[in-house]
Amino acid sequence: MNQLTFSDMEYSNRKKKTKREEFLDAMEEIIPWSYWVEMIRPYYFANKRGRKPIGIETMLRMYLMQIWFNLSDEGIEDSIYDSYAMRSFMHIDFNEQQVPDATTLLKFRHMLEANKLGEKIFADVNNRLDKAGLMMHGGTIVDASLIAAPKSTKNQNGKRDPEMHQTKKGNEWYFGMKVHAGVDAGSGYVHTITGTSANMHDVSETANLIREDDGVVYGDSGYLGAVNQPAIKDDEKKSRIEFRINKRPSSLKMADDFKGLNWDKKMEHEKSAVRCKVEHPFLIVKKQMGYSKVVYRGIAKNMHRFHMLFASANLLMCSRAGRTKDFVGCTV
């Protein structure tokens, strides 16, 4: 054990725990650090001569805090120096080492992106949720969300990101990409995500969000044509799925049918009561973690970050549900 410093002893006497500290404590407890470190090790720089490389876990902790608090490479470096909670999460003793600089973090992130480790970590979280009995099967909720991208052409090429596109929603135009998510209808955990340009219709990605054992799919009115998609209609298993899609409000009957009840609205309410679970992980990613606008060019880089963010959202929902011990206790 490291010896407590005077700062540690003074900070331990505080009367209030900040929300940031509570969040970091929850993630500290639930993340399988040793397994993720070994997952990264084969791709990590190992210099047998000269200066030793910075520990994988130290770099992983720094990168995770960067995406959780939506900070730049320089911003997370400064924040760790400023915040005691962040420094404690990093397990850094300034008497022995310093915070890795922004360039080192940049190279670490590029290594993760090049080897698609974000997808592997997302798959590991879902696998553990499944093994712990926390992920239910049989139903999926599908949804998509627009992520804005910079419209400016004031850059080296004088052009917008060619992989992004503009689309109209309501009476407003948006430029950027879409993140499509498939969420477990029983537990609310995200099991599949895909990314496309903003002009791709939500319904076009439906088939990619459905699991093999799904028997029912929920979605908003943007998915009304899902049954007629070739990838679903021509597939033997997917064509038998029951699609419980919300109708457009304008198509609902206004008159009461029986005993003063509007059955159309009642049925739509029951669908929405299940479908609303899909909004929670998007709320965590876009509001709590602040990733409502892309920070990288290209869909692939942003999707790597979304895999890490939705994996973290699943972990946070699991922790808030009081199922940390079940998750940590499962073996992969």
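At what angle do helix H4 and helix H7 pack? The views below take this up in a predicted model, where local features need pLDDT of at least 70, side-chain atom pairs count only at pLDDT 80 or more, and totals for chains, interfaces and linings use all residues. Residues are numbered from 1 along each chain as its sequence is written, and side-chain values use heavy atoms, without hydrogens and water.

**View 1. Helix H4 packs against helix H7.** H4 (residues 56-68) and H7 (residues 102-114) pack at about 90°, their axes 10 Å apart (axes are lines fitted to C-alpha atoms over the stretch in contact, with angles from 0 to 180 degrees between N-to-C directions; helices are DSSP runs of H or I, at least four residues). That makes H4 roughly perpendicular to H7 (65 to 115 degrees).

**View 2. Side by side, the residues where H4 meets H7.** Ile56, Met59, Leu60, Met62, Tyr63 and Gln66 of H4 meet Thr104, Leu105, Phe108, Arg109 and Leu112 of H7 (contact: heavy atoms within 4.5 Å).

View 3. The domain assignment, automatic or from a database, gives domain 1 (6-115) and domain 2 (118-127 + 134-304). Their C-alpha centres lie 32 Å apart, and 16 residues of domain 1 are in contact with 13 residues of domain 2.

Note on methods
Helix = DSSP H or I, 4+ residues; strand = E, 2+ residues; numbered from the N terminus. Parallel < 35°, antiparallel > 145°, perpendicular 65-115°, else oblique.
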